[in-house]
Amino acid sequence: MSERSQLQTGRTAAHDSAFLRACRREPVPHTPVWFMRQAGRSLPEYRKVREGTAMLESCMRPDLVTEITLQPVRRHNVDAAIFFSDIVVPLKAIGIDLDIKPGVGPVVAQPIRSRADLERLRPLDADDVPYVTEAIGMLTAELGATPLIGFAGAPFTLASYLVEGGPSRNHEHTKALMYGDPELWADLLDRLADITAAFLKVQIEAGASAVQLFDSWVGALAPADYRRSVMPASAKVFDAVADYGVPRIHFGVGTGELLGLMGEAGADVVGVDWRIPMDEAARRVGPGKALQGNLDPAVLFAGHEAVETKAREVLDAAAKLEGHVFNLGHGVLPTTDPDALTRLVAYVHEQTAR
């Protein structure tokens, strides 16, 4: 038996979970639910355990990662856990000088804007992130039949942080590089694809049951630019982990015009933000893919009845999908009432019980 086959047979506890069945477009006992950013600032227990610990440091402590990842599973009864980390962790691990500044986000000390700068992007090895392997081992032992989702930032989104030096509204430096020096741009994304793929492989080999590629900023691009300048690198990441057999999820914000291409890049499940109904998203993606989404995170502030009404709309629009994982259309907002999330999980489970 190959190493990868052994990896698969080692995950039998989670194999028949509602989440993984939905990702594989198989019949489910109920529509599975999890939330992007379910582990984090909305939970008082998260804020307590993170007191005095910087974000990047907390991502490198297996004990903290394990506790934080488990918190929403205990509290909300979600159908999957997502590994607590950050998309810039692999960049930090290979020596990029960056920090996550509260209220700002990732900030890079020396932006990458020239061919010489590429040399700072060395390959990632499992030995660079031993805390990831250790934490996932601890988590899978605790989670049992609940799947663990690993994740990474997609090459375009990582490139946008590296080129801009931090978060950007207009991505002017990123687009200037993409349009002005397409050869350097392609080489940059190719290196980032290798780093991202290596980071996902570490997580899968440690025991993650699925992986999600976050292309948070790619909605800033037109479809033709995505196909020409971004899709090859994203496809390289998905191809690199295809043989593991775990579901591959692809998500971006403001990507309504890109949904078909994002599926074409190699995802098994395409994440949908709140701007497009699930049935229209399915039409754009085409057959052979499950979909994930897509309640507007702000709806959770509107009161219980409004949340149920809007959740019902999502479920109705998703009723004929080949596979549906219920999620928000983006991450949980920091000031969300955790009880609203707990009630939402229960509501979806009750309404879709088969």
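Gln71 is buried (under 20% relative accessible area, with exposed meaning over 50% and partly exposed in between, for a 1.4 Å probe and protein chains only), its own relative accessible area being 2%. The model is predicted, so local features need pLDDT of at least 70 and side-chain atom pairs count only at pLDDT 80 or more, while totals for chains, interfaces and linings use all residues. Residues are numbered from 1 along each chain as its sequence is written, and side-chain values use heavy atoms, with hydrogens and water left out.

Gln71 belongs to helix H6, residues 62-76. Helices (H or I, at least four residues) and strands (E, at least two) are DSSP runs, numbered from the N terminus. The side chain of Gln71 comes to 3.3 Å from the backbone nitrogen of Tyr46. Apart from neighbours within four places in sequence, the residues in contact (heavy atoms within 4.5 Å) with Gln71 are Leu43, Glu45, Tyr46 and Val49.

The next element is a sheet. Seven strands form an open sheet in the order E1-E4-E5-E6-E7-E8-E9, with parallel pairing. Strand E1 (81-82) and strand E9 (324-328) are at the edges; each has a single partner strand, so one side of each is left without a neighbour in the sheet. Two strands pair if DSSP finds at least two bridges between them. Strand E7 (residues 269-271) and strand E8 (residues 290-295) pair in the parallel sense through three bridges, and Val270 has Leu291 in E8 as its bridge partner.

Helices pack on this sheet. Helix H13 (residues 231-240) touches strand E5 (210-215) and strand E6 (248-252), and its direction makes about 155° with that of E6. Helix H15 (residues 278-285) touches E7, E8 and E9, at about 145° to the direction of E8. Axes are lines fitted to C-alpha atoms, for helices over the stretch in contact, and angles run from 0 to 180 degrees between N-to-C directions.

H13 also meets helix H11 (residues 182-206): their axes come within 9 Å and cross at roughly 25°. H11 is therefore roughly parallel to H13, a term for angles under 35 degrees, as against over 145 for roughly antiparallel, 65 to 115 for roughly perpendicular and oblique for the rest. Residues of H11 including Leu189, Ala193, Ala197 and Leu200 meet Ala233, Lys236, Val237 and Ala240 in H13.

Ala208 lies in the loop between H11 and E5. Ala208 is buried, with a relative accessible area of 0%. Its C-alpha atom is separated by 9.7 Å from that of Ala81, 127 residues apart along the chain.

Notes:
A polar contact is a pair of N or O atoms within 3.5 Å; within protein, one must be able to donate a hydrogen and the other to accept it, and residues adjacent in sequence count only if both atoms are side-chain atoms.
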